[in-house]
Protein chains: 2
Amino acid sequence: EEAPPSPDAAQDPFAGDPPRHPGMRVNSLKPFNAEPPAELLTESFLTPNELFFTRNHLPVPAVDPRSYRLRVEGPGGRALSLSLPELRSRFPKHEVTATLQCAGNRRAEMSRVRPVKGLPWDIGAISTARWGGARLRDVLLHAGFGERRDGEWHVCFEGLDEDVGGAPYGASIPYGRAVSPDADVLLAYEMNGEELPRDHGFPVRVVVPGVVGARSVKWLRRVAVSPAESPSHWQQNDYKGFCPSVDWDTVDYRTAPAIQELPVQSAITQPRPGAAVPPGELAVKGYAWSGGGRRVVRVDVSLDGGRTWRAAELAGERPAPGRAWAWVLWELRAPVAAGAELEIVCKAVDASYNVQPDTVGPIWNLRGVLSNAWHRVRVTVAR
Amino acid sequence: EEAPPSPDAAQDPFAGDPPRHPGMRVNSLKPFNAEPPAELLTESFLTPNELFFTRNHLPVPAVDPRSYRLRVEGPGGRALSLSLPELRSRFPKHEVTATLQCAGNRRAEMSRVRPVKGLPWDIGAISTARWGGARLRDVLLHAGFGERRDGEWHVCFEGLDEDVGGAPYGASIPYGRAVSPDADVLLAYEMNGEELPRDHGFPVRVVVPGVVGARSVKWLRRVAVSPAESPSHWQQNDYKGFCPSVDWDTVDYRTAPAIQELPVQSAITQPRPGAAVPPGELAVKGYAWSGGGRRVVRVDVSLDGGRTWRAAELAGERPAPGRAWAWVLWELRAPVAAGAELEIVCKAVDASYNVQPDTVGPIWNLRGVLSNAWHRVRVTVAR
Ligand SMILES: [Mo]
Ligand SMILES: [Mo]
């Protein structure tokens, strides 16, 4: 995994990218963006590292862990330059089970309403891991930043991945979340008990539980406390939601807030669209998750397009209130009659009793983000 | 407002209730439950006290402020008994502008899908005030309770209002919210700069911003830290959401969490359903709000039943992140053609990009709570 960039890297900035699992469904090769097949996604509560969805904006940087340094800086604190052994030894290792979801998960459904700009993710741009690392809070307090700061403050992250002009990937989160003992924000160096794979940010990435994946900056090189959000393209002019009537001629990115917490979400992973299922008992399976640590409290499933509903069985951890960072996997078993045409639908309810919208059209937006309408799968019951 | 109970109180426990504004739309006289007319609701950002929606579960108690005592108790703290002057003088007065909404707001729309059990609130079981009082946090810390407690803890409230068997109204909130400096939970003795009116909890009520009104216990007599939620009927066996298929034969209240934070909500207050509006420019007005301090970031309005949308102008305070406790009032102006039939629809988006569901049926529940589907108003444009 840590081979040096190949000789043709000068021609192809992606030539040094790592090898990947052949079972991944690739949405873009350069940069690499891929999701696990839906039928594998909910086979286990923790997603195996090699099946965890990969969302890269740029080439994967080749990082030498011996020379790696993480810079921490900003007004009100002292500047730090931490080596990997320092990050591991100076701060207690904290572990969090957290789901990450791309803002573009389920974009393909939005594109079917009207074309949007973005990668055609199916339902697999979401995965769950056990992350281990230093708490961002501990690092900030060690650098002398306080528990509370007056006024508006943000914590900006920069990656070692750079575009052709040398600009790094970047993003930010509000200061309050970064320093909160309850928000569990990590500078992670472990993923499911292993060192971070290169595709997931080796040697150090941010993990912001309950927040859109785009803020969990990989290959982290810099943490900066700032009175402004990250100036990065991805914070300022991407990853925001708009009214369906806003198009590329009228969009003004300054009018919408950067996505942080994501809305409640669910999807059906089994059966697959168009399947012919045997008559008898049908097992419907899927995942559900919500942003901000809001636990999923119920998943309703319909076999008749949304006319009647039953609550599914939920499996998952029993999280602390407000810290439900991981998805729940759910299942509904129901008898189905030979020859029937079923429209299976799911919708989740979170701890704030927020629900998913019925249809995609009214949440359509030009970038195809935040696609969380009811998930619908049509199947036929064989005779 | 502080007249003693009238002599026939023995016959009628509601005989001592205070006088009310004649313009209120009354849903139940005993106990008194009433909402302001929709056209007055959004006339001002702060709802005048006499128009603030009133949701009483029991007769209004007659409280002598000279003998009033607030008890505070529970394991891990010392018991307090606070007089009204002590509550006012020992703790700094903290002011918060917060919207309260009844869980049953907009229940009438749910009843039109299928009958539900509950008061037929229209869109007015929501109002906003500037509350003044002691922080619950300050009182708990003064009593020796800590900033954090291991395990599950709740803060239970009891009112001086009692049913015929002597059981008080009660409710609880999680300990973390009660003690958080960011949650702004008040023991309020002022409402819009005046002492609390009797209908709103004189002399002291809880105000839990961002949370269903049912937890903001009025006529507060007791605050108790407890390892369990309030044993009250209204915490255990009411104010919970269920799948539409759950009926009174199958409901198990233990399976659903007590409503705390409410989901994103909005409604149209102008024009009114069935109105004939003049041709030319139509002004559509309404409110939007979300639970948990999540700011409303956008309100979309449609004049064609949801086929096309435009973003409304929002007016309101600029709150601190995560502490958007007050509603936003919104307005959309659009030209309308003589003779047109309009189906006006609104839907709001909050800071977590949660949205309202399209239709009422799939969120229907036997108690008719959490009714937050798109609000729809049909009008005719005059010729
Ligand atoms: Mo993303
Ligand atoms: Mo309520």
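**Where chain A meets chain B**

I started with polar contacts and found 19 residue pairs between chain A and chain B, both partners at pLDDT 80 or more. The pLDDT condition is there as a reminder to myself that this is a predicted model.

Next I asked which elements of chain A are involved. Strand S17 (296-302) and strand S18 (310-311) of chain A each put at least two residues into the side that touches chain B. S17(A) gives the most to that side, with three residues. I then sorted the chain A side by class and noted 21 nonpolar, six polar and 12 charged residues.

For the extent of the contact, I wrote down 39 residues from chain A and 39 residues from chain B. Together the two chains bury about 2,900 Å², with 51% of it on carbon and sulfur atoms. Which residues of chain A lose the most area to chain B? They are A:Tyr353, A:Asn354 and A:Pro362, together 22% of what that side buries.

**Salt bridges**

How many salt bridges run between chain A and chain B? I noted two. I looked up A:Arg148, which forms a salt bridge with B:Asp182, and the closest N and O atoms are 2.8 Å apart.

Over all chains, the count comes to 62 salt bridges. I picked out a pair in chain B as well: the side chains of B:Arg272 and B:Glu39 meet at 3.8 Å, N to O. The cut-off is 4 Å, so this pair counts as a salt bridge. I was pleased to see that the pair links distant parts of the chain, 233 residues apart. B:Arg272 sits in the loop between strand S14 (265-270) and strand S15 (276-277) of chain B, while B:Glu39 belongs to helix H1 (residues 38-41) of chain B.

**The second largest pocket**

S6(A) provides the largest share, three residues. By class, I noted 14 nonpolar, three polar and eight charged residues in the lining.

**Backbone notes**

I finished with the backbone. The peptide bond from A:Lys30 to A:Pro31 is cis, with omega near 0°. I placed A:Pro31 in the loop between strand S1 (25-28) and strand S2 (33-35) of chain A.

B:Pro203 is in the loop between strand S11 (194-195) and strand S12 (205-207) of chain B.

Where does B:Arg106 lie? I found it in the loop between strand S6 (94-101) and helix H3 (107-113) of chain B.

Definitions and conventions
Residues are numbered from 1 along each chain as its sequence is written. Chains are lettered from A and ligands numbered from 1 in the order in which they are written. This is a predicted model: local features need pLDDT of at least 70, side-chain atom pairs count only at pLDDT 80 or more; totals for chains, interfaces and linings use all residues. Side-chain values use heavy atoms; hydrogens and water are left out. Contact means heavy atoms within 4.5 Å. Buried area is the accessible area (1.4 Å probe) that two parts lose on being put together, summed over both. A polar contact is a pair of N or O atoms within 3.5 Å; within protein, one must be able to donate a hydrogen and the other to accept it, and residues adjacent in sequence count only if both atoms are side-chain atoms. Helices (H or I, at least four residues) and strands (E, at least two) are DSSP runs, numbered from the N terminus. Ala, Val, Leu, Ile, Met, Phe, Trp, Tyr, Cys and Pro count as nonpolar, Asp, Glu, Lys and Arg as charged, and the others, Gly among them, as polar.
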